[in-house]
Amino acid sequence: MTSPCMACRIPIALLLAVVSVAGGSAQAPPERLRQAIDRLGDFDYTVRMEASRAVRRADPGLAGPLLRATLQSHEDSYVQFRALVLLYGVAAPEAAEAMEASLASPNDRVRAAAYGYFENHPDPTVAPRLLAALERETSEFVRPALVRALAAHDDDAAVRDRLVRDVDRGQTYFRAVVIEALGDHGAGYAVDALQAVASEQGSLQDDALLALGKIGDRRAAGVIAAARAGVPDVLQPVVSAAACLLQIDCDTQVPYIVEALRYGAQTAGAGGRPLLRNAASGLAALAAAGDGAALDALFDTGLLSGASAQAPIALALGAVALRRPGVVLQALEDRGAPEAELLLLRDAFDMLDEDMAEERFQAHLRRAYWGGAEGSAIRAAAEAALRVLEF
C-alpha cells in the first residue's frame with residue numbers, strides 16, 4: 001500500500017540533480033531536497049523512485065537531518081517510513097539513533113523497518129525491548145521482522161527460550177516465521193524443537209527440515225534421512241537440500257534438485273508448481289550458503305521459463321539477494337551482469353516488497369562500486385545492478 005504526496009508533480013529532475021548511477025553527492029539546496037523527500041509518497045511510481053534516487057545521491061550531512069525531521073513530523077505515514085529506510089541507505093550519522101527511537105513509533109511500517117535494522121545490526125541493549133514487543137505485535141506485516149530481529153539477539157537466554165517455545169505454538173504462519181528465522185540465524189539451541197516438527201508430516205515439515213540443514217548440526221542427520229522415506233515426492237527436493245546443507249552426498253543431491261526445478265518449471269501449468277516451489281526453496285537455501293551451482297541453476301532456469309514458472313524462481317532468487325547480497329553480487333559479476341538476470345531480480349523485489357532489505361542490498365552495491373577499481377568487473381556489475389534495479 002502506498003500513500004500519495006498531493007503536491008503538484010514537477011518532474012523530480014527539476015528538483016534535484018541526479019549524478020552518476022553509482023551515486024556521488026548532489027549539491028542541492030535544502031528546499032529542493034525537502035521537495036524530493038515529500039515526493040517519496042507520490043502516487044506515481046516513477047516519481048517515488050526518482051525521489052529516492054535523488055535523496056540517496058544527496059550529501060548525507062544535508063539529507064540526514066532532513067530525513068530525521070521527516071520521520072518525526074511528516075503528515076504522511078508512508079513518507080515517514082521511506083525517510084527511515086533512506087536514513088539507513090545514505091548511511092547518515094542519525095540512522096542508528098533514529099532506528100532505536102523508531103521501536104516505539106505508532107507507525108507499523110516504521111517499526112518493521114527498525115526491527116529489520118536490528119536484525120542486521122544486533123544490539124544487546126535492545127533485546128529486552130524486542131522481547132516485550134512480541135506480546136503486542138500481532139500483524140502479519142510487522143511480527144515477522146520482529147521475530148527475525150529477536151533471532152539475531154539470541155545471546156539472551158530469555159530470547160532463546162521464547163523462540164523455542166514459539167516453534168510449537170501460535171498460528172501456523174507465525175510458527176513458520178519462527179522456524180525460518182531460527183534456521184537463518186543458525187540457532188543450534190533450537191535443534192531438538194525443530195527435529196520434533198521435522199519428524200511429523202504437516203505443513204511445517206519442510207520449513208523445519210530446511211532450518212535444520214541451515215543450522216548445520218549433524219544431530220539432525222537421522223531425522224533428515226528418515227524424512228526421505230516418509231515425505232511425498234513433491235517434498236524430496238527440500239530433503240535433499242537439507243542433507244546437502246549438512247554436507248551429506250552433495251554431489252548427488254544438488255543435480256537432483258536442479259532436475260526437479262527444471263521438471264517443475266516445464267510442468268508448472270499442469271500441476272508441477274508445488275515441486276517447482278520446493279526445488280526453488282531448496283536451491284535458494286544452498287545458494288545462500290555459498291553454493292554457486294545452485295544459484296546458477298536458479299538464474300538459468302528462471303531465464304528459460306515461461307511466466308507461470310518464473311515467479312517462484314524469481315522469489316527464490318530475491319530471497320537470496322536480500323539475505324546474502326554479497327553472494328548474488330558475486331554471481332552477477334561472474335555472469336557479466338547481463339540485463340536479463342537483473343530484470344529477474346527486479347521482478348522479485350517488486351513481489352517481495354521488502355523496502356528495508358532492498359535498501360540494504362543497494363547499500364551493498366554502492367559500497368562494492370566505490371570499493372572496486374575503475375574498469376573492474378565488480379564495479380561494472382554493481383553499476384548495472386544499481387541502474388536496472390532502479391536504485
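**Checking the labels**

Biologist: Why is Cys250 called partly exposed?

Modeller: Cys250 has 22% relative accessibility, and partly exposed is the range between buried, under 20% relative accessible area, and exposed, over 50%, with a 1.4 Å probe and protein chains only. The value of 22% therefore puts Cys250 in the partly exposed class. This is a predicted model, in which local features need pLDDT of at least 70 and side-chain atom pairs pLDDT 80 or more, while totals for chains, interfaces and linings use all residues. Numbering runs from 1 along each chain as its sequence is written, and side-chain values use heavy atoms, without hydrogens and water.

Biologist: How do you know that Cys244 and Cys250 are joined by a disulfide?

Modeller: Their sulfurs lie 2.0 Å apart, and the rule asks for a pair of cysteine sulfur atoms within 2.5 Å. The pair therefore qualifies, and the count by this rule is 1 disulfide. Its S-S torsion is about 115°, so it is right-handed.

Biologist: What makes the Tyr88 and Tyr117 pair edge-to-face?

Modeller: The search of the whole structure gives 6 aromatic pairs. For Tyr88 and Tyr117 the ring centres are 5.9 Å apart and the planes 80° apart. Rings of Phe, Tyr and Trp (its six-membered ring) pair with centres within 6.5 Å, and planes under 30 degrees apart are stacked, over 60 edge-to-face and the rest tilted. Both values pass, so the label edge-to-face holds. The two residues are 29 apart in the chain, Tyr88 in helix 5 and Tyr117 in helix 7 (residues 108–120); helices are DSSP runs (H or I, at least four residues), numbered from the N terminus. Tyr88, at 15%, is buried, and Tyr117, at 12%, is buried too. Together with Phe118 they form one aromatic cluster.

Biologist: What makes Ala91 stand out in its backbone?

Modeller: Most residues other than glycine have a negative phi. Ala91 has a positive phi of about 55°, in the loop between helix 5 and helix 6 (95–102). At 59%, Ala91 is exposed. Glu390 also has a positive phi, about 65°, in the segment after helix 23 (377–388).

Biologist: What lines the second largest pocket, and what makes up its lining by residue class?

Modeller: The pocket holds about 510 Å³. Its lining has 21 residues, and Tyr45, Arg82, Asp350, Asp355 and Glu358 are the closest to its centre. By class, 8 are nonpolar, 2 polar and 11 charged, where charged means Asp, Glu, Lys and Arg, nonpolar means Ala, Val, Leu, Ile, Met, Phe, Trp, Tyr, Cys and Pro, and polar the others. Helix 3 (45–56), helix 5 (77–89), helix 21 (339–352) and helix 22 (355–371) each supply at least two lining residues, and helix 3 gives the most, 5. A pocket here is an open set of points on a 1 Å grid where a 1.4 Å probe fits, with protein on both sides within 12 Å along at least five of seven lines, and lining residues have an atom within 4 Å of a point; the volume is the space filled by probe spheres set on the points.
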